[in-house]
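Here is a short briefing to keep beside the model as you look around. It covers a ligand site and then a helix.

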Amino acid sequence: MKYADIIIDISHERLDKTFEYIVPTELENQIYEGVQVVIPFGQGNRAITGYVVGLHDKPEFDVTKLKPIARVVKDSIAIESQLISLAAFLKRNYGSTMNQALKTVIPIKRKENEKIKKEISLNVSLEQAKIELTELLTKKNHAVGKERLLRQLLEVDVLDWELATKKLQVPSANIRDLEKKGIIHIESVRTFRNPHLQEDSNKKHITLNDEQEAAAETIKANIDMGRRKTYLIHGVTGSGKTEVYMDVMEHVISMGQQVIVLIPEIALTYQTVMRFYTRFGDKVSILNSRMSPGERFDQFERAKSGEISIMVGPRSALFTPFSNLGLIIIDEEHEPSYKSEVIPRYHARETAVYRAKLANASVILGSATPSLEAYSRARSGEYQLITLHNRAMGQDMASCEIVDLRAELKSGNRSMISRRLRELMADRLAKKQQIMLFLNRRGLMGFVSCRECGHVLKCPHCDVSLHLHRDGTMKCHYCGFTTRATKICPSCGSKYIGSFKAGTQRLEEIVKEMFPQARVLRMDADTTSGKNGHEEILSAFAAHEADVLIGTQMIVKGHDFANVTLVGIIAADISLNESDYHSGERTFQLLTQAVGRAGRGSEPGIAVIQTYQPDNYAVVSAAAQDYDSFYSQEFGFRNLLSYPPCSHILGIQVSCEKQQDAVAQADLLAKLIKNVEPEIVIMGPEDAYYGKLKDVYRRVIYIKDDDYDKLVRVKDEIDKFLLEQKQYRNTSTWFDFDPINTL
Ligand code: ADP
Ligand code: ZN
Ligand code: ZN
């Protein structure tokens with residue numbers, strides 16, 4: 001006799017519990033981990049569905065009390081079992097409950113609150129709308145909501161329902177009224193509709209160049225021979241990696257298999273999405289993080305039913321329930337956003353490789369600046385390395401100049417823009433070419449501090465500095481705490497208190513002063529908060545409606561502006577000074593990507609890197625566009641200090657509203673770890689990077705070992721301890737394996 005552990009309702013956090021059922025002999029060959037079954041449940045033996053998450057030969061409970069599984073859900077195909085195994089992988093390798101892991105891989109249909117976006121447009125001609133408006137205005141006590149709506153619709157073609165009701169404060173009754181009269185039209189839309197394709201835009205194929213061809217052929221030949229591998233395509237910026245992906249995708253689809261393409265959210269722009277649509281049309285679906293759970297669910301249903309064969313999306317698209325998955329592509333493989341910041345804190349790269357193994361699929365990772373993890377695996381032969389040395393159309397890489405800001409300062413130039421950069425900007429503006437100026441956001445935020453004593457104003461609930469807003473308030477970006485800006489330092493009473501403007505804002509002012517005739521666009525968290533802000537700025541710049549685009553790391557990701565011939569990196573060192581061991585890698589990546597924006601069209605490009613550390617290896621190798629030199633220095637450093645990929649780190653965070661309890665619990669866990677693994681390297685416990693957030697205190701412990709499984713064992717021991725522990729039940733603990741950000 002066999003017994004099954006069944007999890008019944010994965011939408012219930014607290015029900016992280018499996019129930020044991022008897023596997024009837026006649027069902028034995030149909031029951032396996034991951035299969036969906038119907039079971040009698042509770043007193044009334046209500047028939048409900050659940051998933052089998054474990055099988056064993058000996059019952060854990062009194063057999064006489066166990067009930068048998070009623071039946072197997074018919075269309076529960078292999079895909080469910082793959083996803084359940086994937087959930088088990090997440091739980092084991094990243095730490096979480098089975099429920100949390102299942103919810104990560106299987107989207108749950110939530111009927112309530114399902115939000116579908118509605119758009120309002122005119123149903124009549126502009127002329128007629130004007131007449132309606134005039135008529136409305138002649139009425140006494142006319143509905144101002146209607147007036148506002150009509151006026152707006154005379155200006156814009158479509159209006160978001162939310163915008164109409166919230167911003168313009170048009171009562172929904174007014175909108176419905178106008179709809180009934182046939183004046184306006186309301187349409188429910190998905191956030192990412194499949195655009196209607198023009199006939200001629202279909203199938204406009206690019207012929208691969210020799211290097212691209214060789215790369216694609218290598219992968220396709222392996223696939224044809226039934227070899228399933230993981231490839232790392234290391235291709236310089238603009239080498240045409242996406243064309244290689246698409247060529248292999250076409251091959252895989254022609255074999256009746258499906259493809260998942262992961263693209264970092266920030267690079268998932270209209271431009272990128274259109275490339276896939278024009279090539280593959282209706283076979284493609286897009287996921288994005290603005291979708292409601294219901295919308296995601298619908299997309300996943302389409303994938304399951306075979307309606308589509310390509311899913312493009314960020315990290316979570318990895319769990320698309322394709323039943324015959326042939327290929328997973330991870331573009332910009334090095335992007336930190338591939339690591340989840342919610343539990344389970346999985347990494348999409350490792351998880352993709354695991355899913356591909358289950359599905360017998362191939363994986364292609366692509367980057368101009370591979371992560372140390374991926375590159376070291378490629379070197380060791382675990383991944384197959386494919387290199388694209390040249391840009392797609394043979395354009396030269398941008399040439400690079402380093403400006404030493406210390407020398408600049410010595411010569412009396414205190415501006416954010418060096419003399420050399422200024423000279424080149426003037427030249428480009430005269431030639432009507434475009435310029436991108438890039439300033440890393442981190443470290444230069446609009447926080448408020450005292451110039452006399454250095455006191456920084458912090459949120460009373462969080463260990464985070466407050467930010468000054470234009471409306472004269474100071475806000476905490478973590479908990480939303482808001483207070484009026486003070487004029488006097490609360491610490492020393494000085495009135496020399498003020499904010500440092502966000503770097504990009506300051507830079508915009510300087511550029512406008514320096515070149516009053518230049519048209520300047522700025523792109524950062526402030527200017528892109530609107531729904532399409534991001535997209536609008538990029539398309540305006542692409543249409544040459546501006547000469548200079550100023551921005552944070554947002555502007556360096558995967559955009560292709562042919563007319564940009566100058567890229568200025570204002571302060572290359574900012575990310576170097578972070579305490580994180582990734583700082584060298586991040587700097588190198590950002591610089592390389594930024595430099596890669598220049599000279600993509602016919603004109604050659606120049607990049608100017610301004611820095612206080614012109615000799616730093618990350619700066620020097622980025623300027624020389626020499627990945628290998630960067631890699632070997634960085635790898636040596638990681639090896640010396642036992643950081644990933646040369647070793648593994650487990651971060652454990654303990655949080656509690658009572659500070660003493662957080663401290664005591666973390667101390668207990670540290671002791672436990674020492675007992676379980678006396679040899680292991682323990683760092684901490686110490687306060688987390690943000691020691692307090694939303695009035696919750698946070699302590700952190702790090703342990704290091706080259707054996708990942710040893711870290712998993714420690715996690716399991718802690719889990720066991722937490723389950724049995726009676727004390728400090730008000731604390732919570734979570735895990736982060738090989739964390740990307742300082743906890
Ligand atoms: P990457 O992802 O490596 O930065 P892309 O795939 O985005 O590069 O390609 C950069 C640009 O070059 C795109 O505009 C693309 O359409 C173009 N391109 C790529 N390969 C070719 C080719 N073989 N012939 C012509 N244009 C190409
Ligand atoms: Zn706060
Ligand atoms: Zn002060």
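This is a predicted model: local features need pLDDT of at least 70, side-chain atom pairs count only at pLDDT 80 or more; totals for chains, interfaces and linings use all residues.

A polar contact here is a pair of N or O atoms within 3.5 Å; within protein, one must be able to donate a hydrogen and the other to accept it, and residues adjacent in sequence count only if both atoms are side-chain atoms.

Residues are numbered from 1 along each chain as its sequence is written, chains are lettered from A and ligands numbered from 1 in the order in which they are written, and side-chain values use heavy atoms, with hydrogens and water left out.

**Around ligand 1**
- The side chain of Q212 has an N or O atom 2.8 Å from a nitrogen atom of ligand 1.
- R275 brings a polar side-chain atom to 2.8 Å from an oxygen atom of ligand 1.
- Of the 560 Å² of accessible area (Shrake-Rupley method, 1.4 Å probe) that ligand 1 has on its own, the protein covers 78%.
- Ligand 1 is surrounded by 16 residues, counted when a heavy atom lies within 4 Å; T207, Q212, K241, R275 and D560 are the closest.

**Helix α12**
- Seven of the nine residues of α12 (372–380) are buried, meaning under 20% relative accessible area (1.4 Å probe, protein chains only).
- Among the buried residues are E373, Y375 and R377.
- Helices are DSSP runs of H or I, at least four residues, and strands are runs of E, at least two, numbered from the N terminus.
- Just after α12, G381 has a positive phi of about 95°.

Note on methods. Buried means under 20% relative accessible area, exposed over 50%, partly exposed in between (1.4 Å probe, protein chains only).
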